[in-house]
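Subject: Structure handover

Hi,

Here is the structure I promised to pass on. Please open it alongside this message; my notes follow below.

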Amino acid sequence: QVQLVESGGGSVQAGGSLRLSCAASKLPYVEYCKAWFRQIPGKEREAVALISTDMSESPQYATSVKGRFTISQDIEKHTTSLQMNNLKVEDSATYYCASMTKLQRGPCPQQSTAYTYWGQGTQVTVSS
């Protein structure tokens with residue numbers, strides 16, 4: 001059973017930075033899509049950043065975070081990180097890391113329903 005554990009959330013003022021990390025355990029050696037999603041109450045879970053272990057595609061970002069967020073991974077350590085710079089109040093949400101087995105080359109899916117494994121979520125609060 002794959003387990004994902006997030007860390008690094010917290011509170012920050014607008015314009016500040018946070019770095020989220022996601023550590024995976026017991027990850028069989030296959031290709032994966034790894035993603036960061038975020039969700040606010042009453043809204044659907046939104047894909048923020050996506051990356052694949054086969055690196056067949058460039059990382060993908062939601063339009064609202066392009067140029068501010070950077071997703072990265074350490075394949076050997078099974079960790080995925082999200083560096084968030086120039087944070088805005090509207091970035092406040094619960095952030096989740098997720099992963100799924102990648103069976104073919106191409107972009108990772110943006111739908112949350114495609115992802116099998118999820119972390120418990122970490123809260124990010126940005127104040128003005």
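Start with Arg45, which lies over the face of Trp118, 4.7 Å from the ring centre. Keep in mind that this is a predicted model. Arg45 also lies over the face of Tyr96, at 3.8 Å from the ring centre.

**Aromatic rings**

Those two rings also pair with each other. Tyr96 and Trp118 sit edge-to-face, with 6.3 Å between centres and 80 degrees between planes. Tyr96 is in strand 9 and Trp118 is in strand 10, so the pair links parts of the chain 22 residues apart.

Are the two buried or exposed? Tyr96 has a relative accessible area of 15%, which is under the 20% cut-off, so Tyr96 is buried. Trp118 comes to 26%, between the 20% and 50% limits, and is therefore partly exposed.

The count of aromatic pairs is four. One of them is Phe37 with Tyr115: the ring centres are 5.3 Å apart and the planes stand at 75 degrees, so this pair is edge-to-face. Phe37 belongs to strand 4 (residues 32-39). Tyr115 is in the loop between strand 9 (93-101) and strand 10 (117-118). Phe37 and Tyr115 are both buried.

Ring pairs tie Phe37, Tyr96, Tyr115 and Trp118 into a cluster.

**Disulfides**

A disulfide is a covalent bond between the sulfur atoms of two cysteines. How many are there here? The count is two.

- Cys22 is joined to Cys97, S to S 2.1 Å. The link of Cys22 and Cys97 is right-handed, with 60 degrees about the S-S bond. Cys22 is in strand 3 (residues 18-25) and Cys97 in strand 9, 75 residues apart. Both Cys22 and Cys97 are buried.
- Cys33 is joined to Cys108, S to S 2.2 Å. The torsion about the S-S bond of Cys33 and Cys108 is about -95 degrees, so this disulfide is left-handed. Cys33 is in strand 4, and Cys108 is in the loop between strand 9 and strand 10, 75 residues apart. Cys33 and Cys108 are both buried.

Counting bonded cysteines along the chain, the pattern is 1-3, 2-4.

**Where to look**

Strand 9 holds both Tyr96 and Cys97.

Best wishes

How values were computed:
Residues are numbered from 1 along each chain as its sequence is written. This is a predicted model: local features need pLDDT of at least 70, side-chain atom pairs count only at pLDDT 80 or more; totals for chains, interfaces and linings use all residues. Side-chain values use heavy atoms; hydrogens and water are left out. Rings of Phe, Tyr and Trp (its six-membered ring) pair if their centres lie within 6.5 Å; planes under 30 degrees apart count as stacked, over 60 as edge-to-face and the rest as tilted. Helices (H or I, at least four residues) and strands (E, at least two) are DSSP runs, numbered from the N terminus. Buried means under 20% relative accessible area, exposed over 50%, partly exposed in between (1.4 Å probe, protein chains only). A charge sits over a ring if NZ of Lys or CZ of Arg is within 6 Å of the ring centre and within 35 degrees of the ring normal. A disulfide is a pair of cysteine sulfur atoms within 2.5 Å.
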